[in-house]
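Let's take a walk through this structure together, going from the overall picture to individual side chains. Keep the viewer open as you read.

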Amino acid sequence: MGSGWSSEEERQPLLGPGLGPAPGAAWRSRGEAAAAAVVLPAAAPSPGRVYGRRWLVLLLFSLLGFVQGLVWNTWGPIQNSARQAYGFSSWDIALLVLWGPIGFMPCFAFMWLLDKRGLRITVLLTSFLMVLGTGLRCIPISDLMLKRRLIHAGQLLNGLAGPTVMNAAPFLSTTWFSADERATATAIASMLSYLGGACAFLVGPLVVPAPNGTAPLLASENSRAHIKDRIETVLYAEFGVVCLLFSATLAYFPPRPPLPPSVAAASQRLSYRRSFCRLLSNLRFLMIALAYAIPLGVFAGWSGVLDLILTPVHVSQVDAGWIGFWSIVGGCVVGIAMARFADFIRGMLKLILLLLFSGATLSSTWFTLTCLNSITHLPLTTVTLYASCILLGVFLNSSIPIFFELFVETVYPVPEGITCGVVTFLSNMFMGVLLFFLTFYHTEISKLRRESSKKAKQAEQQ
C-alpha cells in the first residue's frame, strides 16, 4: 500500500534483501509478480508463507460484512409492516435502503484510511459505526417522529460501514492468502455481505407478520402493537450480534501476517494520489468498471425494494422475501464456486464474465416479458417469477468476485482497496439513481391513483 500506512521500520522489505520485486517490477500484474519468484536464487528462502489464522481473519471480516448487509436490508422486505408500525411512507422505505449508497459518499476517506493505517484500524472503525447505528435504532421512544429519525440515522451509520466491507476483500486476500487462494478468499469476503442482505429477505418476513391485505394472518397478529414488537425484536437481535462482532474484532484482528504470503503482497504499491491518476487514465479499467457498476448497481437497488416492486402484481412480502433470498444465495454459492475455479484456471476471467452476463440477459428478458403479460400474454405465475428472479440473481451476483480479481489484475500495482473502492462507488451511484427514480415513480403513481379514486367517488355522488 502507500508508504505512510505504517512506521518506517515496518516499511522495510518483508522478504529480505534480494527477495522483493526487482526495480520496475511494480508495473507488472499480480500474476507476473508472483511468477517472478521462480527466478530467485536457489539458496534464497521461501518467498512467502501462509498462516492458519488467515481463516479466522477471513471469518471475522466476512461475518462483519454479513451483518452489515443484513442491517442495510432490514426494512425493504417488511416495508408493509413498517408502514403500519411506524407510519413510514413510500419515500421513507426507499430512503432507508438509499442510506446504503449514500453512505458510500465518503468512501474515499475510508480508502485513504485503509491505505495509510491498514486493515485493523479501518475494520475497528467500521464495526464501531455499526454498533452506533444499530444502537440508535433500538432506543425506546414513544414519539414516532423521533423514532423514525433515529432509525434513519442508524441506517446512515450502517451505510458508512459499507465502503470497508465491500471494498477491502481483495486487499485482505492479497495480504493474507497465497496466489492460488486469493480469488476464493475474495469471493467469500465479498459475497457474505450480499448473503446478509439475502437473509434479511428471510428473517424479516418470517419474524414480522404482514399487515392486513398482504397475508392471511389472524387479526390479533396483525395489530400495530404486535407488529411493532416483532420489528423491535429483530432490531435488538441485530444490535446484539453487531456488539458481539465488535468485541471479537477488538480482541483479535491483526493488520497483517508476520510474513507476506507472496511476492505480490510484499511489493511496493503506488501512492494514494498516483493511484487515482492511474485509474482515471486507464481506459480499459474504466470500461470494465462501467460494465460492473451499471448492472450490479441497478440490480442491488432493485433487490433492496423487491417487495415494493412486486406488490402491484399481488406478490406478498413473504413470497418477495423468498425470491430475494434464493436469488442472492444462489449467486453467492455459484460465485464462490466460480472463484475457486478461477484460482486453478488462469486467463479465463473474461470468458467467465461473458457467460454469466449472457445468462443474466436472458433471465432479465424473461422476467420483463412475464411481467408484461398483458402485452406478451405469457403466464405470470409464482414459478416463473421465482425462476426468472433467482436465475438473474445467480448470474449477476456470482460475477462480483470475478470482477474484483479482474480489476486488481488490470491496474496492478494500484492498491486493492482503492481500486475496488472506485468501482463500488460507481456501483452505488447507479443504485442511488435507480432508488430515486423508483421512489419518484411510485409516489407519482400513488398520487394519480388517489386523485382518480376521489374523482370516481365524486362522480358517483353526483
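The accessible surface of the chain amounts to about 19900 Å², and carbon and sulfur atoms account for 69% of it. Of the 462 residues in the chain, 53% are buried. The secondary structure consists of 21 helices and zero strands. If you take the contacts between residues at least 6 apart in sequence, 84% of them join residues at least 24 apart.

Please keep in mind that this is a predicted model. Its mean pLDDT is 78, with 80% of the residues reaching 70 or more. Confidence is highest in helix H6, at a mean of 94, and lowest in helix H1 (residues 30-35), at 48. Over residues 32-46 the pLDDT is below 50, and the model gives this stretch 12 contacts beyond near neighbours in sequence. Another stretch where pLDDT stays under 50 is residues 214-221, with 10 contacts beyond four places in sequence.

Now turn to helix H11. With 28 residues at 1.5 Å a residue, H11 should span 40 Å, and its end C-alpha atoms are 41 Å apart, so the two values agree. Which helices do the buried residues of H11 pack against? They pack against H2, H3, helix H6 (119-137), helix H7 (144-160) and helix H10 (182-207). Among the buried residues of H11 are Ile-227, Ile-231, Val-234, Leu-235, Val-242 and Phe-246, and the list also includes Lys-228 and Glu-238.

Leu-235 sits in H11, which covers residues 224-251, and it counts as buried because its relative accessibility is 2%, under the 20% cut-off. Leaving aside residues up to four places away in sequence, Leu-235 touches Thr-74, Trp-75, Tyr-86, Arg-137 and Cys-138.

Is Asn-73 buried or exposed? Asn-73 has a relative accessible area of 1%, so it is buried. A polar atom of the Asn-73 side chain lies 2.9 Å from the backbone oxygen of Gly-197.

Aromatic rings come next. A search of the whole structure finds 16 aromatic pairs. One of them is Trp-75 with Phe-88: the ring centres are 5.7 Å apart and the planes are at 70°, so the pair is edge-to-face. This pair links distant parts of the chain, with Trp-75 in the loop between H2 and H3 and Phe-88, 13 residues apart from it, in the loop between H3 and helix H4 (90-102). Trp-75 is buried, with a relative accessible area of 0%, and Phe-88 is buried as well, at 4%.

Trp-322 and Phe-325 form an edge-to-face pair too, at 5.8 Å centre to centre and 90° between the planes. These residues are three apart in helix H16 (residues 317-344), so about one helical turn separates them. Trp-322 counts as partly exposed at 27% relative accessibility, whereas Phe-325 is buried at 10%. To finish the tour, find the aromatic cluster formed by Phe-285, Tyr-292, Phe-357, Phe-403, Phe-404 and Phe-407.

Notes: Residues numbered from 1 in each chain as written. Heavy atoms only, no water. Helix = DSSP H or I, 4+ residues; strand = E, 2+ residues; numbered from the N terminus. Buried < 20%, exposed > 50% of the residue type's maximum accessible area, 1.4 Å probe, protein only. Contact = heavy atoms within 4.5 Å. Polar contact = N/O pair within 3.5 Å; in protein donor to acceptor, adjacent residues only side chain to side chain. Expected span 1.5 Å × (residues − 1). pLDDT = per-residue confidence, 0-100. Areas by Shrake-Rupley, 256 points an atom, 1.4 Å probe, with all protein chains shown as cover. Phe/Tyr/Trp six-rings, centres within 6.5 Å; stacked < 30°, edge-to-face > 60°.
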